[in-house]
Amino acid sequence: MLAIFRRELKAYFNSMTGTIFIAVYYFFSGLYFFITLSYQIASLTTVFGSMFVIVLMLLPLLTMRLFSEERRNKTDQALLTAPVSLTSIVIGKYLAAITVLFLAMLINVVYGVVLTAFGNPDWLMIIANILGQFLLGAAVIAIGLFISSLTESQIIAAVSTLGVSLLIILIDSAASLVEYNWVSKVVEWISFNIRYDDFTYGIVSIPSVLFFISVSAIFIFLTIRKLDKRRWN
Amino acid sequence: MIEVENLTKRYGGKLAVNNISFKIDEGEIVGFLGPNGAGKSTTMNMLTGYLSSTDGIIKIDGYDILTNPNEAKTKIGYLPEQPPLYIDMTVEEYLDFMYDLKKVKLPRNAHIKEICDMVKITDVYHRMIRNLSKGYRQRVGIAQALLGNPDVLILDEPTVGLDPKQIIDIRSLIKRLGNGHTVILSSHILSEIQAVCERIIIINEGVIVADDTTENLSMNLSEDHRLLAQIEGNSVAVLEALRSIDGVTNVISLGEKSENVYEYSIETVDRCDKRREVFKTVVDHNWVLLGLSYTGMTLEDVFLKLTSSNNTSNKHIINSSIGNDLDNNDTDEEVKDNAGDIQA
């Protein structure tokens, strides 16, 4: 697992996708932070609230190649014939992807420090913000990981994951157009946005934490099942 | 070392491998032979645990590949048809990664260096794999299979893309590895199998149509069992002497090949081997034996005979026609292609 994690992490920076991801993340979060500063607000809520869309749009870049590239280059033969379990292969790759996300999110600590220099921000709230975004990202990465195990093409994996991201972004506004009460109830429950917004206001609710962790776990499990099933037909 | 029992692989409705069984002992070098699409790679992929079988048991050194995959996989070094190389890594990084992935316990640097020397990739050790030629990539693939010094080596067409000198190198390497390793290698180049392997398993349309030593294969399948001898000496006396050998039924002179050298065709009772007696007779009479060979089939003949799809004399082939994974039209062409390889 450690070998796969290390290789995957190195590949992110060899192939530039990791670097580009981090650069774009810095650019947009820096932009929103600049706006926050110009309004003289000692809170990162606006930054994190706006980054919801950016993170969702960027993450397919990280997940698109995870399994599709292995399959296209037939390097999965090396992985699957090595004495390692499917679970550790999948988790190794997943950890590498969320590590890149984590590295990108470290910039938020710098923003916090800058705010502290000028005002008196609530650090607990900043930590809640970071936690929320990380959990959101981890869940989306798991979905992207699963999608990349379905196809040999990185492009198809990227576009499909982007489609899922768009659905996650738009589902709230779509649900508000529907009149049925139960639809909005269901959407409210599965909405990433509503749960994420709680975090940006500093609310760490256990159901939301568990929700994101469950989504991650389910899609990691599905990825393992998918890879195992491919050996059978 | 390797036990395969009733192995079957079905892709949807198609049978790729149909109920094959064989056993390979420690230290054997076995060649898998068969036209493209015969099920060689599928079988190898199942042996290595990359694919699961639809039915049947595979045991590597007693460990079942399905129930004890990690123990079994540790014993195998596998070079797939396309070497599983990460082209964005250097050879060094790649072998390092594979070393970790395979959980090799041997001393890292010394072991990797030894393998690099063995397959002669030391001079490209620090280069990116994407910049390597096909031959070097193939050798990095072999190096990867050798990591951890596994008991069993499974090599799927190991010499594809190599130049003639490299082919000879790799073949002698495989032969050397045969001491102490069990090697399975697939190829459609017959001369290669003949040069390297002691035993041949011929697969066609997912079934084993032959499993024997090279020599026995050509002996048993040939209907024509004459011995051809070129002897320097008086032809009348030679004919008489050869005919007097016990067990020889008929000797015909095939004419003078060069000055005072005649070729003879010798037929024996029940295909028994009379080469020693012929040699002794020649020596006793102070003649010179310039050549002695069987008219038996060459491996090419055997291969074509066993794998041609319109051959109805072979019962296996008739049985397998139900699970035909091959496009029949392709088979003939591919067999011809393969025959072309040998001549080239």
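**A valine in chain B, and the spaces beyond**

A: B:Val30 is buried, with a relative accessible area of 0% (buried means under 20%, with a 1.4 Å probe and protein chains only). This is a predicted model, in which local features need pLDDT of at least 70, side-chain atom pairs count only at pLDDT 80 or more, and totals for chains, interfaces and linings use all residues, while side-chain values use heavy atoms, without hydrogens or water. Residues are numbered from 1 along each chain as written, with chains lettered from A and ligands numbered from 1 in written order.

B:Val30 sits in strand E3 (residues 29-33) of chain B (a strand is a DSSP run of E, at least two residues, and a helix one of H or I, at least four, numbered from the N terminus). Beyond neighbours within four places in sequence, B:Val30 is in contact with B:Ile24, B:Val183, B:Ile184, B:Leu185, B:Cys197, B:Arg199 and B:Ile201 (contact means heavy atoms within 4.5 Å). B:Glu3 lies 27 residues from B:Val30 in sequence, and 13 Å from it in space, C-alpha to C-alpha.

Now for the spaces. The largest cavity has a lining that includes A:Gln77, A:Ala78, B:Ile76, B:Gly77 and B:Tyr78 (on a 1 Å grid over the protein atoms alone, a cavity is a set of points where a 1.4 Å probe fits but cannot get out, and lining residues have an atom within 4 Å of a point). Helix H5 of chain A and strand E6 (76-79) of chain B each supply at least two of its lining residues, and E6(B) gives the most, three. In the second largest cavity, H5 and H12 of chain A each supply at least two lining residues, with the largest share, three residues, coming from H5(A). Among the residues lining that second cavity are A:Phe67, A:Asp76 and A:Arg230.

Conventions. Buried < 20%, exposed > 50% of the residue type's maximum accessible area, 1.4 Å probe, protein only. 1 Å grid on protein atoms, 1.4 Å probe; cavity = no way out; pocket = protein on both sides within 12 Å on 5 of 7 lines; lining within 4 Å.
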